[in-house]
Amino acid sequence: MKTYTFVSFVFALIFQAGPFVLATEAGALASSTKSFGGYDYPNLYDEAMPMLWASKLVYSFAKLLEAGREGSLDLGDTFPPEVLAAYKDKRLDVRDMEGGNGLPYNKVVEIVVANAENLKEIESEWEYVGNIIQKIQAVEDADKSSDDFFLETFSSIDAATQCVYGVLKDNKNKRVVVVFRGSTDLSTRDWQTNLSAQLEGMKTPKLLKDSLKGKLKKRVLVHRGFYNYIFNNKRAKGDQRYDMILNDIKPFVEQGYKIYVTGHSLGAALSSLLAFKLAGSDKSWIPKPVTCISYASPMVGTDGFRTAFTLLEQMGHIRYLRVNNDADTVPTIPPFSLGLKRRLMKHVGINLRLYDDSFILSHPNSNGWGFVNAVRNSVLKPVWSVLKYHSLQTHEERMNAQKETL
């Protein structure tokens, strides 16, 4: 039986297997790492699970910082003094700590543990979050000789008007990770962003212009709200998020390191657009391929965006795994754009669709049933069921059930 790591499976799907492949037909995915382009990629499960954990923890860490800034949580005894002096009035930027490595994950754990009792009051899923922290800690503790995981920046102080994201450095796997937070409450522009489903012209990345035809040489059409949140936020004070992210990650993209982008829900949509932009950039310091692993992503662009995205995959510039639970409503919306000229919205990348006891891998998700699924999942499912299937905890439970084959 033929086996695949995620990277080899991507290319098998795009070039050989056709658009739809059942997991049973694809075979079990290899459990060992596989070198590709001089970089060792793990199997699908081992590569995707840390991105899921990061996508969950970004919610909790934002709550912790917000509580500290508001005064409902006293971080004075746990935060390093040099961090404490800045974070209340500025975004958290700890890139200069530990000789330029950032804030070690072990220190982050100390901060969380020291404030555990208070965090239980503001984090409704504290038990699940605590389990994630323990799992990452076990990986970190496997090698006592050095710290492997570091926090570099965390931008949440302007959450009322801009998207929330963090930058992490993983020395163990040689990754620089950008993680976006998903939607929270109405105190932010998250939901306004979600509902701004008109189309926006996004400049075609430079590496694609000569390979596309017609209007696609100049622009692709994407979800306006998602695009503006990163690239053209009129309410931003100072740099756009995209420019900030470039500045945040550039010092840490060392020889042999790769860029990963991840997020859940709204964060997944933002990660898709950022990965597309980075993968198509002609900046020499951005290593290819860029990897994006997202969870429960809504649709972000039209057919032209999918065409350009698939071309980046074929060129070897991007690897995208889009994970979602069956019966989750969010990945089925918006089925079409808003505005005078409505167009069908499309998904991109390899789709890992999770069921209780099975999964399906496919590329691309072009079965034409997006609108039907949106109606079926939103109207015929009770609210508690929709929330359950959108949860990252349910994603993890289903992935754990398929760990041996993923």
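Visitor: Which residue stands opposite N351 in β15?

Guide: S362 stands opposite N351. Before going on, note that this is a predicted model, in which local features need pLDDT of at least 70, side-chain atom pairs count only at pLDDT 80 or more, and totals for chains, interfaces and linings use all residues. Residues are numbered from 1 along each chain as its sequence is written, and side-chain values use heavy atoms, with hydrogens and water left out.

Visitor: How many bridges pair β14 with β15, and in which sense?

Guide: Two strands pair if DSSP finds at least two bridges between them. Helices (H or I, at least four residues) and strands (E, at least two) are DSSP runs, numbered from the N terminus. Here β14 (residues 350-354) and β15 (residues 359-362) pair over four bridges, antiparallel. A hairpin of four residues joins β14 to β15.

Visitor: What joins β9 to β10?

Guide: Five bridges join β9 (residues 199-203) to β10, and the strands run antiparallel. M202 has V220 of β10 as its bridge partner.

Visitor: Is β10 enclosed or open, and why?

Guide: Buried means under 20% relative accessible area, exposed over 50%, and partly exposed in between (1.4 Å probe, protein chains only). Four of the five residues of β10 (residues 219-223) are buried, so the strand is largely enclosed by the rest of the structure. Helix α10 (residues 224-231) is mostly covered, with seven of its eight residues buried. Among them are F226, Y227 and F231.

Visitor: How are two packed helices described?

Guide: By the angle between their axes and the distance between the axes. Axes are lines fitted to C-alpha atoms, for helices over the stretch in contact, and angles run from 0 to 180 degrees between N-to-C directions. Take α6 (residues 105-114) and α8 (residues 126-141): their axes come within 11 Å and cross at roughly 150°. That makes α6 roughly antiparallel to α8 (the class for angles over 145 degrees).

Visitor: Which residues of α6 and α8 meet?

Guide: Y105, N106, V109 and V112 in α6 meet W126, I133, I136, Q137, E140 and D141 in α8. Contact means heavy atoms within 4.5 Å.

Visitor: Where is P298, and what is P298 in contact with?

Guide: P298 lies in the loop between β12 (290-295) and α13 (303-314). At 7% relative accessibility, P298 counts as buried. Leaving aside neighbours within four places in sequence, P298 is in contact with residues including F226, S265, V330 and H347. M345 is 47 residues from P298 in sequence, yet 9.5 Å away in space, C-alpha to C-alpha.

Definitions and conventions: Angles under 35 degrees count as roughly parallel, over 145 as roughly antiparallel, 65 to 115 as roughly perpendicular and the rest as oblique.
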